[in-house]
Structures are given as C-alpha cells and as structure tokens.
Amino acid sequence: MSFEVNTIREHFPALSLKDEGKQRIYLDNPGGTQVPRHVLRRMENYLINTNANHAGMFRTSVESDKVLEEAHQGMADLLNAKTADEIVFGANMTTLTFAVSRSIGRLLNRGDSILLTQMDHDGNIGPWLHLAEDLGLDVKWLKFNTETYEYDLNEAASLLSENDIKLAAINYASNCTGTINDVKSITEMAHRSEAMVFVDAVQYVPHGPTDVQDLGCDLLVCSPYKFFGPHQGVLWGKSELLGKLEAYKVRPADNVSPGKFETGTQSHEGQAGTLGVIEYLEWVGDTMGTDFQGNFPECSGRRKKLHAAMSAIQQYEQFLSSRLIEGLQKLDGVEIRGISMQDDLSRRVPTVSFTVKNKNPQTIAQKLADENIFVWHGHNYALEAIQLMKLEDSGGVVRIGPVHYNTVEEIDLTLDVLKTCL
Ligand SMILES: Cc1ncc(COP(=O)(O)O)c(C=O)c1O
C-alpha cells in the first residue's frame with residue numbers, strides 16, 4: 001500500500017481545525033508536532049485509570065509502573081537500543097543534556113578537549129560550553145561549508161586525530177539547514193581517537209529510521225514532542241557507559257539506569273503518551289510500511305514495523321521536500337539555506353530554511369500567519385549556524401518544516417501565499 005496521507009490525517013484531530021473559516025496549515029513542525037489519537041487515548045487512560053507515583057504495592061502504582069516500563073521498551077524499539085534500561089526519560093532534550101553533561105564531566109580533566117559543531121542547535125552546545133568553562137576544557141569547533149551545507153569529513157578527521165578530544169557532541173539532522181550528517185563516519189573517527197560521541201537526533205528521529213547500533217555512537221538524545229508525542233525528552237546511552245556515569249541524584253533514588261538519571265517524579269502521562277506514539281508508528285508500519293519491512297532483516301516484530309514506518313515516512317517526505325524546494329527556487333529573490341539539488345534530497349530532512357532578498361523573515365512569517373499558515377523565523381536556536389551564514393543581523397531565516405501529515409496541497413498553498421510576499 002502506498003502512503004495514504006488522508007488516512008494518516010484522520011488520526012490527528014488538530015489537523016482539521018479551522019480559525020475564522022481558514023484551515024490551519026502546520027508547517028511549524030521542527031518546533032513541535034501535533035499528536036495522533038493513540039497519544040491522546042494513552043494519556044487520558046493513564047490519568048483516569050492508573051495515575052500514581054512509582055513503586056507502590058497498590059493497583060494504580062503497579063499499573064502505572066507497567067506503563068512506564070512499556071514506554072521505555074517502546075523507545076528502545078524505536079531507536080533499536082539493546083535494552084529498555086538504556087532509555088532515560090526527562091523533561092526535554094536540553095534538560096537531559098545539561099544533566100548528563102555534568103555526569104560526563106566527572107570523567108574529564110582540566111585541559112581535555114571537546115568537539116562541538118557550528119551546525120548544532122544550542123541544546124547541544126550550551127551545556128558543553130558551561131561544562132568547558134567549569135572544568136577548564138578546550139573547545140574545538142567543526143564548521144560546515146556554507147555552500148554545500150555539509151561538514152568536511154577531512155576536517156572532522158583532522159580535528160579528531162590531532163587533538164586530545166575526549167567527547168564529540170554532534171548533530172544528526174540540522175534544525176536550520178536540514179542537512180542529515182554522516183554520524184556513523186564521524187563516530188568511527190572519534191572512536192579511533194577514543195573520544196565519546198554524543199548525538200543530538202532531535203531533528204532526525206521524526207523523519208527516518210534511527211538505529212543506534214548501526215550509528216555506533218555512545219549517547220543519543222531526542223524529543224518525543226517533535227515526533228508526534230507529548231512534551232518529553234529521551235536519552236539513550238550504551239549500558240556500559242550509563243553504568244559508569246555517576247548520576248546527580250538523591251540518595252533514595254535507584255543506583256542503576258534509568259532510575260538514577262530520572263530525577264524526581266517524571267511526567268508519567270508524558271511517558272504514556274510516548275507509548276501512544278510508538279503504537280501509532282507501529283500502525284503506520286503495519287498499514288503503509290510493508291514494502292520497507294524487508295529492508296530491516298536484522299530486526300523483528302515491532303522494531304521491524306517501526307523502522308518500516310519511518311522509511312515510508314521518509315520516502316513520502318522526500319516528495320514534499322522536492323515540491324517545496326522546486327517551488328521556492330521559482331520565487332524571485334529566494335535563497336534556500338540548505339541542500340537543494342533534487343538528486344541530493346536524501347541527504348536532508350524536509351525542514352527548509354530560506355531568506356528573501358531585502359525582506360525580513362519575521363515579516364514573511366507574519367504574512368503566512370495571517371493566512372493561518374504556521375512557520376518559524378529567526379535563528380531557531382541554531383545560533384552558530386546563523387552566525388556562520390552571516391544572517392544574524394538580517395533576522396535569520398524563514399523555516400518551513402513539513403512532516404508526514406502535511407499534504408502537497410498545503411505546500412502549494414504556502415508557495416502561493418509566499419508569492420504575494422515578494
Ligand atoms: C536539533 C535540536 N536539538 C535540540 C532541541 C531542543 O530540544 P528540547 O526542546 O527537547 O530541549 C531542538 C529543539 O528545537 C532541536 O531542534
């Protein structure tokens with residue numbers, strides 16, 4: 001079965017909402033996505049039937065803990081983690097990164113180096129800069145080419161081999177340029193120098209199959225609210241490393257992962273909702289991903305279906321990217337700030353940032369908002385990338401971010417409105 005976007009849309013109540021007769025067009029997805037009914041049902045059911053704190057002897061607590069275990073297992077399946085104990089839930093990616101960076105700091109010494117990138121969202125920069133300041137670490141920067149919007153892997157290799165780098169914090173897909181990076185190769189290079197690799201996958205997980213075994217990295221973070229779930233963050237780490245890291249925790253909390261990293265009482269309804277996303281994606285895999293299931297011979301059961309779902313989504317989104325980029329290229333004065341050759345679209349997610357000559361990005365975002373079309377503008381926390389592209393003083397970029405529930409009609413309508421802004 002091919003990708004049935006109208007069937008997909010029926011699962012998302014927010015997508016049919018109108019304001020003053022105007023349909024909402026959600027192209028703000030890199031900032032956060034809408035949720036399917038599977039998520040709403042799970043959250044409602046949790047709060048009505050099993051709402052309780054952790055580790056009690058009584059019915060609601062026992063059932064609540066079962067939901068939390070299932071949510072950890074669900075995320076392990078989505079990311080192809082070895083065990084559910086490798087999955088740590090938290091408030092969001094940024095909070096988890098701040099917390100784990102402190103634990104990693106205990107393994108580092110004054111004078112050690114860390115590698116950061118100029119393509120990352122500040123969630124994968126700020127925590128490490130604070131750590132560097134506190135511990136006296138040396139920060140090395142990997143820039144990207146502002147014409148190809150990709151890293152130079154030779155530069156990455158030489159940075160990683162010539163410096164005493166202990167940690168590389170890199171991004172999988174950029175929330176600004178949309179580039180998908182070769183995380184696997186960079187990880188191999190880093191490991192040759194015995195550096196640990198921390199991957200920000202917040203903008204990749206919504207758009208493609210994520211396999212931490214294949215990537216080979218040590219830690220990876222993502223945010224369920226960017227892939228159709230509630231406001232939550234998830235950290236995955238290799239068991240051995242999570243075991244070794246000392247957590248900043250209260251004394252009665254567990255001494256093992258994930259409990260030692262999940263400080264205080266978690267958002268149980270958030271974890272229930274995340275389990276709802278896994279169930280939704282399993283449904284996508286079952287109904288629209290059958291053609292892709294054979295691509296994952298090493299996976300079975302739900303893992304296979306989840307990977308197949310994400311492959312079906314990826315293929316459909318490339319069609320949307322292609323339409324969007326082709327349309328933008330026809331508009332006078334528009335410059336796409338990311339990979340835009342039709343043959344290269346598999347190396348990007350559909351998040352497309354662009355500038356318009358002599359127009360402020362905020363003005364364009366406002367004009368689209370007036371038509372009930374939701375897009376982002378500015379730096380979108382990718383401060384380094386915006387500075388490297390010298391766009392800070394001109395207000396950054398306009399960012400259009402479709403996901404698998406958007407339609408080609410929505411893209412065309414957005415392009416029509418954009419024409420009137422030039
Ligand atoms: C690439 C990337 N990393 C990190 C973050 C921060 O995520 P969170 O809001 O979960 O802290 C975002 C949010 O937009 C992002 O796009």
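These legends go with close-up views of a predicted model.

View 1. Where they meet, domain 1 puts in 28 residues and domain 2 puts in 26 residues. On the domain 1 side, helix 11, strand 12 and helix 13 (383-388) each bring at least two residues to the contact. Helix 11 has the largest share of that side, with 7 residues.

**View 2. The largest nonpolar core.** Here we're looking at a core of 118 residues, the largest nonpolar one in the model. Ala168, Val199 and Leu220 have the most contacts inside it. Helix 11 turns up again here: it gives the most to this core, 11 residues. Both domain 1 and domain 2 give residues to the core, so it lies between them. As general background, nonpolar side chains in soluble globular proteins tend to be buried together.

**View 3. Who touches Ala168?** Zooming in on Ala168, and leaving out residues up to four places away in sequence, its contacts are Leu115, Leu160, Ile186, Ala190, Ala195 and Val197. One of these, Leu160, is a buried residue of helix 6 (residues 153-162), and that helix gets the next view.

View 4. Ala156, Leu159 and Leu160 are the ones to look for on the buried side of helix 6. These three span an arc of only 90° around the axis, which means they share one side of helix 6.

View 5. Strand 14 and strand 15 (residues 397-400) run antiparallel and are joined by 3 bridges. Look for Trp376, which stands opposite Arg399 of strand 15.

**View 6. Helix 12 and what it packs against.** In helix 12 (residues 361-370), the buried residues are Pro361, Ile364, Ala365 and Leu368. They keep to the same side of helix 12, because the arc they cover around the axis is only 100°. Strand 12, strand 13 (373-374), strand 14, strand 15 and helix 14 (408-419) are what these buried residues pack against. Just past the end of helix 12, Asn372 has a positive phi of about 65°.

**View 7. Arg102 on helix 4.** Our last stop is Arg102, which is part of helix 4 (residues 93-105). Is Arg102 buried or partly exposed? Arg102 has 17 C-beta neighbours inside 10 Å, so it counts as partly exposed. Val67 is 35 residues away from Arg102 in sequence, and the two are 29 Å apart in space, C-alpha to C-alpha.

Methods: Residues numbered from 1 in each chain as written. Predicted model: local features only at pLDDT ≥ 70, side-chain atom pairs only at ≥ 80, totals over all residues. Buried ≥ 20, exposed ≤ 12 C-beta atoms within 10 Å, placed from the backbone. Helix = DSSP H or I, 4+ residues; strand = E, 2+ residues; numbered from the N terminus. Arc of directions from axis to C-beta. Pairing = 2+ DSSP bridges. Core = buried A, V, L, I, M, F, W, Y, C linked by C-beta atoms within 7 Å. Domains from an automatic or database assignment. Contact = placed C-beta atoms within 7 Å.
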